[in-house]
Amino acid sequence: MKKKTEFAKYPSEDKAILIVGYVILGVFLLAIIIPVIYIILASFIDPITLQNSGLTFDFSKWTTTAYQRVMSNAQIWVGFKNALVYSVLFTIISVVVTLLAAYPMSRADFKGRGFFNTLFVITMFFGGGLIPTYLLISSLGMLDTIWAILLPGAFSVWNMIIARTYYMGIPKDLQEAAEIDGATEMIYFFKILLPVCTPIIATIAMWQFVGMWNSYFDAMIYLNSASKQPLQLVLRSILIQNQPEPGMVSDMQSTAERAQLAELLKYATIIISSLPLMILYPFFQKYFDNGIMAGAVKG
Amino acid sequence: MKNISSAAVGGKAGSNKMHNTIVYVKQHWQLYALFMLPAVLLTVVFRYIPMGGIMIAFTEYNPIKGILGSEWIGFQNFTRFLSSPDFLRYLVNTLKLSVYGLLWGFPAPILLAFLLNRILSSKTKQKIQLVLYMPNFISVIVLCGIVRILLSPTGMVNSLLGTDINFMTMPEAFRTIYIASGIWQGAGWASIIYTAALSNASKELKEAAVIDGANIIQQIKAVEWPAIKDTVLIQFIMSVGNIMSVGFEKAYALQTDLNLNTSEIIATYVYKKGLLDGDYGFSTAVGLFNTVINVILLISMNALVKRMNEGKGI
């Protein structure tokens, strides 16, 4: 009831503005919810029915074929496993390198701070580009190895700036007290500073994890072996290139049947591949929020 | 503090300073050797060495002969690109995609933040935010997969409209698809930063405005806009700085053979020319052209904002 009275307090022209606003918000929400529900429903419908008449609530036309076929495909699981390995390792390397570098950069007395800052910031705006980077990776012998995925993007200047800003917000008393107690730099950093920085560490870790999990470009250009493909590349051949993994549709007799089935498999593939992050993200949302606020502080 | 060790040393100011530095580095060697080294190493190897590789752009690059062995051809790769009939199309495609993307995509999260700020119950607000943020966690590939199946001739959009239009093969539909799906995916997430800034807007100020009989428009002008103005400016400069780096990943995943007329942007062209056709020197030149325009845009934008905003830029 309180809401209603709050709303009633507004003068009438404000009410009009508010109603327009709520409608816009409502449309935006529906634009997100409807496709999601449509894809979930469509993934259970018999491929021929789906192509000819779209969604149906005649449950005799419902089937879990698509899920069985996608789940029983080995390449999808190879993709999941690789994506998990790449994302975990990348997150660890990236967080360690970034947190370490942010510490000296956060100290006013650090000699060479200006130099290092310039060195890093230039790379945010200028780079060699695709081919020179590719040729470097190639000449380092890193083509088709995990290192091509893990190393080039491991140090993020942007995340370093965010971590540095966070360190600088930690009260100086803490460091002074530590120095009086005779703590060395290493002890101060690992035992005192890092434990109070867990929110920002969690945020950066999750950014890097989600970023790696969802990207496909580096894997596309650097990895050739099917056994090394991360999930997004497997998804790419199913969803974008219309090439379902061999075995997913090959038992179908006609080309038309194969095409219909391939289309249905896309729906199930989308659901299966997005489910892990969709389920996990609400639990981590508060960390993401924190991180964005930290990033909002001018670097 | 820094001068404690040097006070005893004396001598010329220059060598004194030098000496200070040496003493500092000796005392704090861990800061350099342990904390900075990994980041510096990664930066030099994977960022600066490729910058040196830009030389390829001025050669007829031959992978067997290497950079120095390849024939030096000056600006030929650049003139070849600038004089090719496709140059203008790729440039215009890139610019249109990002400028229209900015015009539509930039205000969207700000609008959402204003709307969310007016939701009175914080529980409802949280639920709405949960839905709004969700698309951000979908990968580019899955997003483009969703777009493709929803827009396919037998997909959701066509069955709602009762038509069978193949949107993905229409060059004139590409930009709308690209930008609308971008807003669909990113606007909710991007609104967080503005929501945070709005929640900093002083509650007292707002209450005072309400008591004074300010209507919503006046409240926005006097209280809410000033609270997010700086954030908006910073975000704007950053977006302009990224105008030429429109996402390769998404453009490439939304391309079909038939919509290339509008969907081929410089980034996808660089990839195809370089890695698919093996025309390394030319591809590098095109990429460099892109980067340079980007840097120029960023610098001039920052200068412009500084002038408008009483000397505050980034």
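Colleague: At what angle do the axes of helix α5 (residues 74-106) of chain A and α9(A) cross, and how many Å apart do they come?
Modeller: In this predicted model, the axes of α5(A) and α9(A) cross at roughly 50 degrees and come within 8 Å. That angle makes α5(A) oblique to α9(A).

Colleague: Is the crossing of α5(A) and α9(A) left-handed or right-handed?
Modeller: The crossing in which α5(A) passes α9(A) is right-handed.

Colleague: Which residues meet there, in α5(A) and in α9(A)?
Modeller: From α5(A) there are Thr98(A), Leu99(A), Ala101(A), Ala102(A), Tyr103(A), Met105(A) and Ser106(A). They meet Asn159(A), Met160(A), Ala163(A), Arg164(A), Tyr167(A) and Met168(A) of α9(A). By class, this contact of α5(A) with α9(A) has 9 nonpolar, 3 polar and 1 charged residues.

Colleague: And how does α6(A) pack against helix α9 (residues 157-168) of chain A?
Modeller: The angle between α6(A) and α9(A) is about 130 degrees, and their axes are 9 Å apart. The two helices are therefore oblique to each other. On the α6(A) side, the contact is made by Phe120(A), Val121(A), Thr123(A) and Met124(A). On the α9(A) side, Val157(A), Trp158(A) and Met160(A) take part. The classes in this contact of α6(A) with α9(A) are 6 nonpolar, 1 polar and no charged.

Colleague: Let us turn to the other chain. How does helix α6 (residues 113-125) of chain A pack with helix α3 (residues 29-52) of chain B?
Modeller: They pack at an angle of about 40 degrees, with their axes 11 Å apart. That makes α6(A) oblique to α3(B). The crossing of α6(A) past α3(B) is left-handed. Phe116(A), Leu119(A), Phe120(A) and Thr123(A) of α6(A) make the contact with Met36(B), Thr43(B) and Arg47(B) of α3(B). The contact of α6(A) with α3(B) comprises 4 nonpolar, 2 polar and 1 charged residues.

Colleague: How many residues does the contact take from chain A and from chain B?
Modeller: It takes 73 residues from chain A and 70 residues from chain B. The side of chain A that touches chain B divides into 50 nonpolar, 13 polar and 10 charged residues.

Colleague: What about helix α7 (residues 107-117) of chain B: why is it described as largely enclosed?
Modeller: Of the 11 residues of α7(B), 8 are buried, so the helix is largely enclosed by the rest of the structure. The buried residues are Pro109(B), Ile110(B), Leu112(B), Ala113(B), Phe114(B), Leu115(B), Leu116(B) and Asn117(B).

Colleague: What covers those buried residues of α7(B)?
Modeller: The cover includes α2 (12-42) of chain A. From chain B it includes α8 (122-133), α11 (171-199) and α13 (216-241).

Colleague: Where does Ile216(B) lie, and is it buried or exposed?
Modeller: Ile216(B) lies in helix α13 of chain B. With 20 C-beta neighbours inside 10 Å, Ile216(B) counts as buried. Leaving aside neighbours within four places in sequence, Ile216(B) is in contact with Asp14(A) and Ile17(A). The C-alpha atoms of Ile216(B) and Arg118(B) are separated by 9.8 Å, and these residues are 98 apart along the chain.

Colleague: Which domains does the domain assignment give for chain B?
Modeller: The assignment gives domain 1 (4-53) and domain 2 (86-308). The C-alpha centres of domain 1 and domain 2 of chain B lie 41 Å apart.

Colleague: Back to chain A. How many of the residues of α14(A) are buried?
Modeller: In α14(A), 9 of the 10 residues are buried, and the helix is mostly covered. Among them are Leu231(A), Gln232(A), Leu233(A) and Arg236(A).

Methods
Residues numbered from 1 in each chain as written. Chains lettered and ligands numbered in written order. Predicted model: local features only at pLDDT ≥ 70, side-chain atom pairs only at ≥ 80, totals over all residues. Axes fitted to C-alpha atoms, helices over the stretch in contact; angles between N-to-C directions. Helix = DSSP H or I, 4+ residues; strand = E, 2+ residues; numbered from the N terminus. Parallel < 35°, antiparallel > 145°, perpendicular 65-115°, else oblique. Left-handed = near helix turned anticlockwise from the far one by under 90°. Contact = placed C-beta atoms within 7 Å. Nonpolar A, V, L, I, M, F, W, Y, C, P; charged D, E, K, R; others polar. Buried ≥ 20, exposed ≤ 12 C-beta atoms within 10 Å, placed from the backbone. Domains from an automatic or database assignment.
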